[in-house]
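Hi everyone, thanks for coming along. Let me put the structure up on the screen, and then we can walk through it together.

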Amino acid sequence: MEPQRTPPPPSRGGGGGGNYNTIRAAIMAVVMIVFTGYLFLWVMLPTNPYRLKWQPKLRTQTASTYFGTTHGATYLVFTFPVLLIAVLGCAYVHLGKKSSDDDHTEGKNGNNNHRLAIWKRPMIIKGLGIVSRIEIAFFLMFIALLIWSFATYLHNSFATITPKSAAKKGEKVWEVKLDSASHRLAFIGNIAFAFLFFPVTRGSSVLPLFGLTSEGSVKYHIWLGHIIMTLFTAHGIGYVVYWASVHELSEVI
């Protein structure tokens with residue numbers, strides 16, 4: 001009589017890790033779409049189509065007790081995408097911890113991890129210190145956004161300034177342009193302020209989505225702080241010069 005054989009233990013299925021990775025890939029795709037749309041809004045913010053068409057339409061559609069009639073639409077459009085990305089990031093990080101328990105996950109994602117590791121590889125750049133390619137890419141995109149916004153604001157504003165319009169104010173053309181440029185510098189400073197309030201805590205669910213760490217992101221706050229101080233200092237100096245030229249230095253007080 002043959003002894004009864006013990007059935008082999010069930011293998012830890014590779015399907016679980018694969019399912020997790022598929023869901024994470026779908027979440028990342030949604031995050032990229034939302035984030036691209038969010039950046040597109042910032043790009044369109046200083047343009048006439050946004051100011052003359054989109055913004056009035058948004059204010060009309062969101063006018064209510066909760067959002068108000070003026071700034072509610074702006075808060076909704078520029079806050080909701082970030083909150084959605086943070087919620088999706090929580091699911092992304094949670095599924096990442098589960099998929100890491102699967103024995104086959106590391107082998108399946110080797111190529112993707114290698115590609116991401118290249119972008120995470122640190123470099124030493126004079127004036128910036130130790131940074132990665134991801135950090136440099138985000139920094140250059142942000143500087144490009146500031147330059148684009150300021151140039152677009154000036155282009156749209158200066159197009160309406162003529163000797164006739166300046167004469168109605170009793171000012172010279174260069175004085176009106178200086179007033180406009182100084183005012184727009186404050187708008188650009190507000191963009192930097194908005195990105196300054198992105199959380200960089202250790203428990204952030206947004207940073208892992210872009211391959212960033214809390215420690216490495218602290219330098220962004222330092223860079224943003226310097227940019228904000230530069231922009232608002234230029235804003236203040238511009239207005240002091242303008243008020244001095246129109247004999248209204250009392251406005252400084």
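In what order do the elements of the chain run, from the N terminus on? They go α-α-α-α-α-β-β-α-α-α-α, and the count comes to 9 helices and 2 strands. Please keep in mind that this is a predicted model.

A couple of overall numbers next. The chain has 253 residues, and 36% of them count as buried. If you take the contacts with a separation of 6 or more, 67% are between residues 24 or more positions apart.

Now let's turn to a helix pair. Helix α6 covers residues 133-158, and helix α8 covers residues 173-196. The two pack at an angle of about 150 degrees, and their axes are 10 Å apart. Angles over 145 degrees count as roughly antiparallel, so that is how α6 and α8 lie relative to each other. The crossing of α6 past α8 is right-handed. On the α6 side, the residues making the contact include Phe142, Leu146, Phe150 and Tyr153; on the α8 side, among them are Ala181, Leu185, Ile188 and Phe195.

Asp179 is buried, yet it has no salt bridge. Where is the nearest side chain of opposite charge? That is Lys169, 5.0 Å away, while a salt bridge calls for a nitrogen within 4 Å of a carboxyl oxygen. And leaving aside residues up to four places away in sequence, Asp179 touches Tyr239 and Tyr242.

That's my tour, and I'm happy to take questions.

Technical notes: Residues are numbered from 1 along each chain as its sequence is written. This is a predicted model: local features need pLDDT of at least 70, side-chain atom pairs count only at pLDDT 80 or more; totals for chains, interfaces and linings use all residues. Side-chain values use heavy atoms; hydrogens and water are left out. Helices (H or I, at least four residues) and strands (E, at least two) are DSSP runs, numbered from the N terminus. Buried means under 20% relative accessible area, exposed over 50%, partly exposed in between (1.4 Å probe, protein chains only). Lys and Arg count as positive and Asp and Glu as negative; His and the chain ends are not counted. Contact means heavy atoms within 4.5 Å. Axes are lines fitted to C-alpha atoms, for helices over the stretch in contact, and angles run from 0 to 180 degrees between N-to-C directions. Angles under 35 degrees count as roughly parallel, over 145 as roughly antiparallel, 65 to 115 as roughly perpendicular and the rest as oblique. A crossing is left-handed if the near helix is turned anticlockwise from the far one by less than a right angle, and right-handed if clockwise.
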